Amino acid sequence: MRLLLLSLVIAASAQTGPATLHDAFNAQQTYEYNARVASFGERWPGKPGHAKTEAFIKEILKKDGAVIEGDDFTATTPQGPVPVHNIIGKFSVNGDPNQPIFILAGHYDTLRKPGFIGANDGGSSTAILLGFADALAKKKTKMQIWLLFTDLEEGTFVDNDGLYGSRHLAQKLKANGTVPRIRGFFLLDMIGDKDLGVARETQSSRKLQDVISRAAMQLGYSRYFFQYEMAITDDHVEFLNVGIPAVDVVDAEFGRMGPQYDGMGEFHHANTDTMDKVSKNSLDIVGRTILLTVELLDS
Ligand SMILES: [Zn+2]
């Protein structure tokens, strides 16, 4: 009888889908996406791993029924022209030209450094957005959700350049009048870190950070969010610059900290940024918290 009841419950949930967006997030699948993307190796523009990542992102977005849009251009960099391919997957598009939009973003390129795999830096952001795509395929929202995979965030490793893809798209949204429809923007970066601690990034929208805090508290995850402050130059800055409220959801302490390490920790921009530093649990905590935040904002 108990077995029969269980199978009835499973049948019912299969028919109606998950009750909430954040419960639709699958951390195991997201971790597998992360491992797959990291296995493509170096992923800066022009590398085979970059093209493989692009194809993989489009494959999952297509499977999940997203409206896929590209934002392609040639960036002028200190190392010459570089082709840049931002990818946008749009969900819950309802045909209303004034439908509010919320953007969840992350970069899929890696630092231009031989042997750098970027399992966390580049890999985790790509994977969590793909996990969001799977969840959004199961649960509709009132807002239109854009999953934005930015390219050439890392720049060309000279003159401390970067943010090419995000700058281009933010300027385009400003020029074509889309900015007023955009309720907010969350950037996910380096959130797979086993020792999870999301920074309170000081340029970010405090109002939106407060909603993330509410969601984290509701899920019992408060200790992983906003326990230290840091100002970080990241893709969100380009969206703040055109008037979009934005938050950088970033774990800015990757491994041991100290003067002998990079300012964001021992594994940051180091060839030791590999899958053994990434945890399924961290992806789960951030994934569920961000999707619950979207639900709280979706009224
Ligand atoms: Zn980086």
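Helices (H or I, at least four residues) and strands (E, at least two) are DSSP runs, numbered from the N terminus. Residue numbers start from 1 along each chain as its sequence is written, and side-chain values use heavy atoms, with hydrogens and water left out. This is a predicted model: local features need pLDDT of at least 70, side-chain atom pairs count only at pLDDT 80 or more, and totals for chains, interfaces and linings use all residues.

**Stop 1: the whole chain**

Show everything as a cartoon. The protein has eight helices and eight strands. Its C-alpha atoms fill a box of roughly 65 × 45 × 35 Å along the principal axes.

Now consider the radius of gyration, taken over C-alpha atoms; the globule rule is 2.2 Å times the number of residues to the power 0.38. For 299 residues, a compact globule would come out near 19 Å, and the protein agrees because its value is 19 Å.

Switch to a surface. The protein exposes about 12,700 Å², and carbon and sulfur atoms supply 54% of that area. Accessible areas come from the Shrake-Rupley method with a 1.4 Å probe; for residues, only the protein chains shown count as cover.

How many of the residues count as buried? Of the 299 residues, 57% do. Buried means under 20% relative accessible area, exposed over 50%, and partly exposed in between (1.4 Å probe, protein chains only).

Contact means heavy atoms within 4.5 Å. Among contacts between residues at least 6 apart in sequence, 78% join residues at least 24 apart.

Color by charge. Lys and Arg count as positive, Asp and Glu as negative; His and the chain ends are not counted. The place of a charge is NZ of Lys, CZ of Arg, CG of Asp or CD of Glu. The mean positions of the 30 positive and 37 negative charges are 7 Å apart.

**Stop 2: strand S3**

Select 101-107, which is strand S3. Seven of its seven residues are buried, so S3 is largely enclosed by the rest of the structure. Look at both faces. On one side sit Ile101, Ile103, Ala105 and His107, and on the other Phe102, Leu104 and Gly106.

Two strands pair if DSSP finds at least two bridges between them. S3 and S4 run parallel and are joined by seven bridges.

Which residues stand opposite Phe102? In S4, its bridge partner is Ile145. In S5, Phe102 stands opposite Gly184.

**Stop 3: from S5 to S8**

Stay on S5. It is mostly covered: seven of its eight residues are buried. Now select 246-250, strand S8. Phe185 stands opposite Ala246, and Phe186 has Val247 as its bridge partner.

Is S8 enclosed or open? Five of its five residues are buried, so S8 is largely enclosed by the rest of the structure. Ala246, Asp248 and Val250 are buried on one side, Val247 and Val249 on the other.

**Stop 4: Ile57 in H3**

Select 48-63, helix H3, and pick out Ile57. At 0% relative accessibility, Ile57 counts as buried. Show its neighbors. Not counting residues up to four places away in sequence, Ile57 touches Ile87, Tyr108, Thr126, Leu130 and Phe149. Phe149 is 92 residues from Ile57 along the chain, yet their C-alpha atoms are separated by 8.5 Å.

**Stop 5**

Most residues other than glycine have a negative phi. Two residues here have positive values.

Select Ser92, in the loop between S2 (80-91) and S3. Its phi is positive, about 55°, although Ser92 is not a glycine. It counts as buried at 9% relative accessibility.

Leu152 counts as buried at 0% relative accessibility.

**Stop 6: Ala175 in H5**

Select 164-175, helix H5, which contains Ala175. Is Ala175 buried or exposed? With a relative accessible area of 72%, it is exposed. Finish with a distance to Val242, 67 residues away along the chain: the two C-alpha atoms are separated by 9.8 Å.
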